[in-house]
Amino acid sequence: MLLKNYRKRYAMVMDTRRCVGCQACVLACKAENGVPHNGYRDWIVTETKGEFPHLSMEIRSERCMHCTNAPCVTNCPTGASHYSKGGTVQSDRALCTGCKACIAACPYDARYVHPDGFVDKCTFCMHRVERGANPACVEGCPTKALAFGDLNDSASEVARLLRENPPKLLSPEEGTEPNLYFLI
Amino acid sequence: MALSRRKFIKIGSTTAGAVALTSGLTTDWWSLQAHQLPDPRTDGDRIVPTFCELCFWKCGVLAHVREGRVTKIVGNPKHPLSNGRLCPRGAGGVGALYDPDRLKRPMIRVSKRGEDKFEEVSWETALDETAARMEKLRLKYGAEALALFTHGYGGSWFTQLVKAWGTPNVVAPSYAQCRGPREAAFEITYGQGVGSPEAIDIRNARCITLIGSHLGENMHNTQVQEFADAIGSGAQLVVVDPRYSVAASKAKYWLPIKPGTDIALLLAWMNVIVTEKRYDADYLDKYATGLAELELHVAGKTPEWAYPITGLDPGLIRETARFIAGFRPSSLVHPGRHVTWYGDDTQRMRCIAILAALLGSWGRRGGYLLPSSMGLRKYPPFSSGRGMADAADKPTAEHYPMAGEVLASGVCEATVSAAPYGVKGWMVYGTNLIQALPNPKQTEEAIANLDLLVAIDVLPAEIVGWADIVLPESTYLERHDDLWAASYKEPFVAIRQPVVEPMFDSKPGWWIAKELANRLGLAEVFPWKNGEENIRWRLEESGYDVEAALRDGVVKGEVVPVCEEEGAELYFGTESEKIELFSQQLADAGFDPLPEFTPPDEPPLGMFRLLSGRAPMHTFGRTTNNRDLGALMGENEVWINAMAARSLAGFEEAPLKTGDYVRLENQDGVMSGPVKAKVTERIRGDAVYLVHGFGHTAKGLTFAHNRGASDSALTTRFKVDPVMGGTGMNVNFVRIARAEA
């Protein structure tokens, strides 16, 4: 209910059908955000089902889901993890003590401890979005498997994609209401 | 861990400051606190366009430079190969530039060759020594005793140099160890090779058939971009692969074929298409010869005939043949790229070429387009007046008559056998022959016969360890190279220009080649002052806007019709000026004029066929030392079928699991280093799979050293394609042993 106060509602739509799992999104993010070698703000999950030769596979580019009901925010003792512009979830490194309560609370394993001691994760590249650009992973994806935008704007690509395709959410039973949607 | 290294909650001045600094951010009204969300500040204060060299596709990039340091590399939206988007390798150029293991200064060997011991010397000394020893070689054996092995765009300078100096032996493993059979087969059939970058219309294809090609894992950027677009607009996929590749996972049909039997499947597909007359009769009538012979040839080669050979259900073979034909002419049978598999590769690629003709897809939308290129002025060619011997790669005249390029493997063999004449010097530019050529032992034998080995490289790869003289080149981000006028579906000229100054004491290739030319009395070969002058002169003389070209990194040419639908006229450079389904040229040379299936050798009991392929974040061993790309994939894994893993000899007590380290031992007793097992349903039980390029033994590659297993080291055997001399490398077998902990 708090989020109704936000004008925009940022979301990402990830089309597993287009994705080849190349990790261009991972490196684009790392380069853009100066993510250290042993840390990852986004990553690829490849899920195979069945037995040879009757197989199916889903390839997902995952990151912080910027949940509408984010357990990391609820569980952060210092207020470092918070809701921010466009309904995104951000972590303020100046307030973060590196206690890792958020890491324990996150059902998506979206966070890691930065070598400088704070917990880090995807920001939806807010520093880029603020000036009208897409997140680095979206802009760089060679297969255009990622789309970003404002769900409250019915003309946005993300709104259109979700109107046209029933999306899949990860761990919906957690009640987190994630804002990263998968098309399968 | 790391709990208390930070100062706890800097509420005071930090927060107050943040309000002013981050005015665009929301204040949480419930906590009354302004949060910091720092800009990582990786946007460049300068952005320089150039083109990539992490693989050989050569996408246009924009390099961001901030305070003199390259912070990130993104796609150049104006460049037709990147369209503003890069594969991970393209973005990983930063890791290539700042690789701490880079060759830093020229070096001369101080101990026995191969012991990898060098002393650093000045450029003056290194170049004087190189030129003196080249001349000594020429006077003793003739200039043809020097071979240049080259891979990479900067190699053009050295090609010009050594050709002017008088050797015909200029070779690239990208032909006989990679796409050569494809080029030969399409030249035989259509009078024109496929070329690189391939002018195929993946985007507009309605059905895409991949024969062992693992697009998506094999990450040629534009092809994968189009592949995703095709999938997005509903194109259908048929994937033939012993492994459930990424592409297979997106396919309507995955045919897990027995390795080495593709020709049988392709003949059976043709049988169905021909007997059911599902081919494009008008197209064949107009453009092709040999349909009657083909009809006769495939008459008995039914899906039922192919079933026991390929292991594929005849119903599935028939269904897929009809399916593929149903989308013609926009039914693209992809020509692949790395196609040196079994030694009958030209004939397999002929099957693909013939099938494409039956579908009417050459010169048609959604098929094989007609590439064009832009004109570029050249400096007047310089001739030293020296005669040129024949290349040394074909020991006898009747060998490999359809080879379109000089064979790297052939020159290596000639170096061992001294026939047709002794090759006594190698200049090796940017190609790690220990991993690029099959049977590294033979390569080492060849090296033992050399009077001179000069390596020009960026990293201390294995081959560099064998060199007498090492010349450290600058990376592509620190140098000019020659202009690239691509032959592609939209013609363009791309510019490579330095983003930052050369690091260490490395030098651009043009400078090294020019300095050598000066010392060899061949100064006229490079009549310009420097790499920039060359580019500017050529652009200007060709009538292009020089400043715009340097600013954009690319000049686009006029778009011309690329297919019949756009009004292009089809022309075939064959003898008959038609598509030759039946090849008289092959018959005359003593080869099968229509492709025949020959069964591959079976794996010995308890062994698996060793297959190799690509990963999207690596280009062979060239990138495996790159820390940025290593963060995405730091070592390879050996893929083994889950059921086969359960009955593996020697693992009865503790079945093999994913993540266990094993060693692979091949049929000749060669043992790999420890490599992680990936126990998976995604591969047949008779083959194992490795991504190529890992298992480096060069100690100077401090990141890549001993990570994963080298398929090259296990490739002690290869089968030579009699048509064009390609080296089929999927003919090795391995057993799996547990690696000691």
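Two strands count as paired when DSSP finds at least two bridges between them. I keep that cut-off at hand for the first entry, and I note that the model is predicted.

**Entry: one pair of strands**
I looked up β10 of chain B, residues 207-211, and its pairing with β14(B). The two run in the parallel sense and share 3 bridges, so they pass the cut-off of at least two. For T209(B), I found the bridge partner V333(B) in β14(B).

**Entry: the sheet around that pair**
I then asked which order the strands of this sheet take. The order is β12-β11-β10-β14 in chain B, an open sheet of 4 strands with parallel pairing. Residues 253-255 form β12 and residues 331-333 form β14, and both strands of chain B stand at the edges. Each has a single partner strand, so one side of each has no neighbour in the sheet.

**Entry: where the chains meet**
I turned to the two chains and found 50 residues of chain A in contact with 53 residues of chain B. Which elements of chain A each supply at least two residues to the side that touches chain B? They are α1 (24-33), β2 (42-51), β3 (54-63), β4 (81-83) and α4 (126-129). The most comes from α1(A), with 7 residues. I recorded this side of chain A as 22 nonpolar, 19 polar and 9 charged residues.

Note on methods:
Residues numbered from 1 in each chain as written. Chains lettered and ligands numbered in written order. Predicted model: local features only at pLDDT ≥ 70, side-chain atom pairs only at ≥ 80, totals over all residues. Contact = placed C-beta atoms within 7 Å. Nonpolar A, V, L, I, M, F, W, Y, C, P; charged D, E, K, R; others polar.
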